[in-house]
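Hello,

Here is the structure for you to look through. My notes follow below.

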Amino acid sequence: MKMLLKGEWVEREKTIDVTDPFDNTLVDVVPSANKEDVETALEAAHEGFLAAKRMTVYERAEILFKTASIIKENLDEFAVLIARESSKTIREARKEASRCVNTLTVSAEESKRILGETIPFDSFPGGEKRRGYYYRFPIGTILAITPFNDPLNLVAHKLGPAIAGGNSVILKPATVTPLSALKLAEVLIEAGLPAMVLQVLTGYGAVIGDDLVKDERVRMISFTGGVEAGKRIAGLAGIKKIGMELGSNSPVIVWNDTDLDWAVESCVSGAFWASGQNCIGVQRLYVHRSVYEEFKEKFVTRTSAYRTGDKMKEETDMGPMITEGEAKRVERWVEEAVEKGARVLTGGSRKGALYAPTVLENVPESATIHKEEVFGPTVNLYPVETLDEAIGKANSLPFGLHAAVFTKDVDVAFKAAYELDCGGVIINDSTDYRLDSMPFGGIKYSGLGREGLKFALQEMTEPKVISFYLPEI
Ligand code: NAP
């Protein structure tokens, strides 16, 4: 596929292979953007902004509604592309494609709700004979940088609100999964987006990232990815807005009054969705000691029944990791935990990029797989005695995206909701619950700001005050 630069689909002599991580077959090639392309994109995005901010809200909304409707009509094509270039099974990919339809639809709807307020200037001395209001205006050029694990919907989470708010965008998708993003860009153009409003640069973050991030023509960086890249970007950005959706290590508390079968079903899915490459994937499960053995047995049985392998088969529950290198990293982390005393209850094996769904117990707090974001198909079980202990342990790491609690006791639910340090507490479902319109984001190293269309639109617009001096009133 070609990349979108200055209103044209362009190729470059230097290309990047996009391969299917299951069988290493070539899916497509994309241009490898260079530093000159960065400058072209920045200039074009400035022109694009002048076009974007002149579009009426109705025009912006129509483009987004039409894009959503084209994707809905071609859902299978999008799902196959997601499944080929990423780790996702075809069923997971279909779900992502249909979520993308919602993301764009709600972006269009929210564009019509960018509201301001009248300001009561005469409420203090000095405001006499003044009338005025504020309204939210676009920011300018937004640099959107996206990860590999949701190659379509996480791109839509940036392009949807950016366009709804009247901004231009330079998109840099993950190098391993650029195809769904390019296809989304094609549909946006087909739906009527003025071509200069969007630039899509396919290329390595290590090559083109710094020049994009540092440039003063970029007025906001909307980044989703790992903490390390996030720190580098924040360090180089200078004076511009930054939105960061980073990683986590999500805790779930399972209380002794809950429906264990539901908790198991929900948490197995939450741990192994997209092979665990999921920023809100379940990583630490704190289970009340009185139900620990029963929960463990059910959890291991359900995990062992997971069908792994060919992503394109309907019956497959879990596909490979994004690369063999990533699967080897998870293998090393499990081995390290075992050396330090952890027990593997099921899984713990690797075949190429496919790492088996793995359940561990007795994982020491010094183990990497306890402390860091695993971003792979493994989950740790820990027995706990009291709610304070569970909440304390859940809060003990420097991440805070989602946390979850399974209980029928309203007191337990409320205490957990108020005391868990994170951006969202999910009651009676796993941490892997997200509705695209809810505020989404983390505290501590999990991020800065919120996505979720209404909330992203707030971040991607800024208020401007208009004040009239009216001596005759
Ligand atoms: P990553 O390695 O941090 O890469 C994310 C994106 O940043 C890619 O497009 C990458 O480009 C780019 N990048 C890397 N270094 C850069 C630099 N110096 N300047 C500019 N761009 C740079 O993350 P990933 O492996 O793709 O994704 C996994 C991470 O994303 C996990 O930590 C996960 O938790 C997080 N995530 C968070 C959320 C959320 O909403 N909170 C959602 C999904 C994923 P290249 O591909 O060219 O390296």
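How many helices and strands does the secondary structure of the chain come to? The count is 15 helices and 22 strands, where helices (H or I, at least four residues) and strands (E, at least two) are DSSP runs numbered from the N terminus. The radius of gyration, taken over C-alpha atoms, is 23 Å, close to the 23 Å from the globule rule for 473 residues, so the chain is as compact as a globular protein of that length. That rule is 2.2 Å times the number of residues to the power 0.38.

This is a predicted model, in which local features need pLDDT of at least 70 and side-chain atom pairs count only at pLDDT 80 or more, while totals for chains, interfaces and linings use all residues. Residues are numbered from 1 along each chain as its sequence is written, and side-chain values use heavy atoms, without hydrogens and water.

Now the ligand. Around the ligand there are 30 residues, each with a heavy atom within 4 Å of it. The closest are Thr175, Gly205, Gly226, Leu246 and Glu373. Helix 7 (205-214), strand 10 (218-224) and helix 8 (227-236) each supply at least two residues of this shell.

Three polar contacts (pairs of N or O atoms within 3.5 Å) can be described. A side-chain N or O atom of Glu373 is 2.5 Å from an oxygen atom of the ligand. For Gly226, a backbone N or O atom lies 2.8 Å from a ligand oxygen, and for Phe148 the corresponding backbone distance is 3.4 Å. The protein covers 85% of the 910 Å² of accessible area that the ligand has on its own (Shrake-Rupley method, 1.4 Å probe).

Regards

Methods: A polar contact is a pair of N or O atoms within 3.5 Å; within protein, one must be able to donate a hydrogen and the other to accept it, and residues adjacent in sequence count only if both atoms are side-chain atoms.
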